[in-house]
Amino acid sequence: MLQGKTVVLGVSGGIAVYKAVELLRLLTKAGAEVHVVMTKSAQQFVTPLTFQTLSGNPVHTDLFNLYQEQEIGHISLADRADLFLLAPATANLIGKIAQGLADDLLTTSVMATKAPVLLAPAMNSNMYENPIYQRNQKLLREYGYHLLEPATGELACGWQGQGKLPDPELILSAAKSVLAPKDLFGCQILITAGPTREELDPVRYLTNYSSGKMGYAIAAAARQRGASVTLVSGPTNLSVPEGVSCVSVCSAEEMRSAVLEHYEAADIVIKAAAVADYRPVRRAEQKIKKSGDELVIELEKNPDILAELGEQKGARVLVGFAAETERLLAHAAEKLQKKHLDLIVANDITREGAGFDVDTNIVRFLHADGRVEEFDLMGKDQVANQLLNRVALLYQAKRP
Ligand code: PMT
């Protein structure tokens with residue numbers, strides 16, 4: 001969502017300025033071109049050089065600096081931006097914008113832009129609760145500005161309360177949300193992610209290398225595009241994306257129950273989970289003790305959840321994944337057809353940067369109408385958005 005986008009990062013003065021450095025790093029990592037504008041007081045906390053080095057662009061500080069004005073100019077900055085992101089946004093900055101004051105480069109640029117403006121406030125909790133601040137915040141929301149809620153915790157001044165700058169990851173996700181098309185608004189999406197665990201005894205289980213990253217990236221992107229998202233997740237170390245409702249499961253049987261429970265309400269189902277095809281016939285009550293030279297474990301078939309969904313598909317959009325080590329297209333096409341899918345994402349997990357437990361993937365989309373689309377290496381969030389572009393069209397085509 002941020003790839004190739006121009007973001008103006010406006011930094012105003014507060015102790016949380018150091019977190020804006022991390023935010024800048026996340027924005028550039030996500031592919032955004034970032035131009036930083038700092039207020040005078042922000043420069044008391046971190047020097048412009050830090051932001052300049054990390055953004056690769058000159059930092060703008062002065063409304064009346066002829067060199068900066070010639071190079072880019074505040075109006076040009078306001079025009080070129082796809083997004084204005086103000087973090088940290090102090091009570092003073094928010095107050096000035098709400099009152100229409102434009103007495104420095106940052107407030108002037110904000111006033112001059114037609115781009116969406118996202119503010120991440122940070123201040124002392126008493127300032128946050130002050131009715132004047134609350135009124136300013138309300139006013140900005142009414143004008144269409146996007147404001148995050150500050151986090152609660154221990155503040156730099158030693159106070160406990162609400163006023164901390166939200167986590168940079170959360171600000172990044174909100175920025176993506178602001179820029180995302182809302183083409184999945186009003187739609188219910190059910191997504192599965194991660195591995196399943198099939199227990200042998202109280203201390204051992206069968207599983208696979210799925211980290212959940214692919215499914216969680218789809219859940220985050222779907223939420224940013226306006227969908228109501230239920231994520232059914234096997235065991236992972238990931239945080240549930242903002243605004244997503246998550247059901248944690250362990251075994252394939254548990255995943256099946258959770259998926260079936262939410263299937264009725266779903267308009268779209270995307271199954272990115274790596275479900276174990278087999279499970280031990282018996283789970284030992286006690287830890288299995290070392291005995292002979294060999295131990296034979298008898299396995300039985302798990303239910304194929306996606307195939308079962310395909311049988312009772314109705315008007316839903318159904319998407320599967322296939323992780324293959326050989327004959328990628330043939331195997332994926334077989335699953336597409338057998339499970340009555342609209343689309344299957346085939347990943348060749350023998351390729352570096354693709355498949356399990358990495359941040360990237362190399363995928364092909366096989367459509368039910370026979371089309372095959374091939375992609376180069378992309379971040380999993382980019383794969384998620386490419387997939388959702390197709391899913392949104394399929395969803396719209398199926399609506400009466
Ligand atoms: O989690 P990551 O580390 O990010 O890795 C992502 C991934 C590689 C796990 C993901 O991109 C992926 O490919 N998931 C599917 C893995 C797989 O091999 O699926 P499969 O070929 O066994 O199954 C095909 C489809 O049927 C899948 O959508 C699967 O969720 C579903 N299935 C499979 C078996 C089963 N018993 N029930 C199912 O619903």
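**Notebook: loops, sheet, cores and ligand site**

I started at Arg327, which sits in the loop between β16 and α13. Helices (H or I, at least four residues) and strands (E, at least two) are DSSP runs, numbered from the N terminus. The model is predicted: local features need pLDDT of at least 70, side-chain atom pairs count only at pLDDT 80 or more, and totals for chains, interfaces and linings use all residues. Residues are numbered from 1 along each chain as its sequence is written, and side-chain values use heavy atoms, with hydrogens and water left out.

Arg327 is not a glycine, yet its phi is positive, about 40°. I checked its accessibility: Arg327 is exposed, at a relative accessible area of 56%. The cut-offs are under 20% for buried, over 50% for exposed and partly exposed in between (1.4 Å probe, protein chains only). I found a positive phi at Asp357 too, near 55°. Asp357 lies in the loop between β17 and β18 (360-361). Asp357 is partly exposed, with a relative accessible area of 47%.

Next I traced the sheet. It is open, has eight strands in the order β12-β11-β8-β13-β16-β17-β19-β20, and its pairing is mixed. Two strands pair if DSSP finds at least two bridges between them. The edges are β12 (245-248) and β20 (372-374), each pairing on one side only. I looked at β17 (residues 343-348) and β19 (residues 363-367): they pair in the antiparallel sense over five bridges. Asn347 stands opposite Val363 in β19.

Then I turned to the cores. A nonpolar core is a set of buried Ala, Val, Leu, Ile, Met, Phe, Trp, Tyr and Cys residues joined through side-chain atoms within 4.5 Å. The largest has 35 residues; Leu184, Ile191, Ile218, Ile268, Ile270 and Leu387 touch the most other members. I listed contacts of Ile218 (heavy atoms within 4.5 Å), and they include Ile191, Phe321 and Leu387, not counting residues up to four places away in sequence.

Which residues come nearest the ligand? Of the 26 around it, they are Ser210, Ser211, Lys271, Lys335 and Asp357. A residue counts as near if one of its heavy atoms lies within 4 Å. For the side chain of Ser210 the distance is 2.6 Å.

Last, I checked peptide bonds. Ala87 to Pro88 is cis, with omega near -10°. Pro88 is in strand β3 (residues 83-89).

Note on methods
A polar contact is a pair of N or O atoms within 3.5 Å; within protein, one must be able to donate a hydrogen and the other to accept it, and residues adjacent in sequence count only if both atoms are side-chain atoms.
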